[in-house]
Amino acid sequence: MKMANSLRGEVLNLYKNLLYLGREYPKGADYFKRRLRNVFLKNKDVKDPEKIKELIQRGEFVMKELEALYFLRKYRAMKQRYYSDTNKSN
């Protein structure tokens, strides 16, 4: 039972973190929120701790991918802002 409670906390933490990251999703926060909710509801009946850990790892991978996506988007915006101006002035 203790194992299930600790995994439950990890799952909730993962959900909250993904929800937070989804605010800036390119297709919109509402789209991301709906998809996230559907995925978590689809897997709500999983009881096997190993399968739950596997799903948590997949969610953490998605978090890293979202962070990379946002970082890249920010980098592109900064690059466009600063490097396009220097090319125009030459």
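This is a predicted model: local features need pLDDT of at least 70, side-chain atom pairs count only at pLDDT 80 or more; totals for chains, interfaces and linings use all residues.
**First stop: Glu 24 and Arg 73.** Select these two residues and show their side chains, which meet in a salt bridge with a distance of 3.5 Å from N to O. Glu 24 sits in the loop between α1 and α2 while Arg 73 belongs to helix α3, so the pair ties together parts that are 49 residues apart in sequence. Are these two residues buried, exposed or partly exposed? Glu 24 has a relative accessibility of 43% and counts as partly exposed, and Arg 73, at 38%, counts as partly exposed too.

Now show the whole protein as a cartoon, and follow the chain along its sequence through the pattern α-α-α, with three helices and zero strands. If you colour the model by pLDDT, the protein averages 86, and 88% of the residues score at least 70. Which helix has the highest mean pLDDT, and which the lowest? Among the elements of the protein, α2 has the highest mean, 95, whereas α3 has the lowest, 84.

Select Leu 14, Leu 18, Leu 21, Phe 32, Leu 36, Met 63, Leu 66 and Tyr 70, the eight residues that make up the largest nonpolar core. At least two residues of this core come from each of α1 (2–21), α2 (29–42) and α3 (49–89). In soluble globular proteins, nonpolar side chains tend to be buried together. Centre the view on Leu 36, which touches Tyr 15, Leu 18 and Leu 19 when residues up to four places away in sequence are left out of the count.

**Last stop: the whole protein.** Finally, switch to a surface view, in which the protein exposes about 7800 Å², with carbon and sulfur atoms supplying 54% of that area. Of its 90 residues, 16% count as buried. Among the contacts with a separation of 6 or more, 69% are between residues 24 or more positions apart.

How values were computed. Residues are numbered from 1 along each chain as its sequence is written. Side-chain values use heavy atoms; hydrogens and water are left out. A nonpolar core is a set of buried Ala, Val, Leu, Ile, Met, Phe, Trp, Tyr and Cys residues joined through side-chain atoms within 4.5 Å. Buried means under 20% relative accessible area, exposed over 50%, partly exposed in between (1.4 Å probe, protein chains only). Helices (H or I, at least four residues) and strands (E, at least two) are DSSP runs, numbered from the N terminus. Contact means heavy atoms within 4.5 Å. Accessible areas come from the Shrake-Rupley method with a 1.4 Å probe; for residues, only the protein chains shown count as cover. pLDDT is the predictor's confidence in each residue, from 0 to 100. A salt bridge is a side-chain nitrogen of Lys or Arg within 4 Å of a carboxyl oxygen of Asp or Glu.
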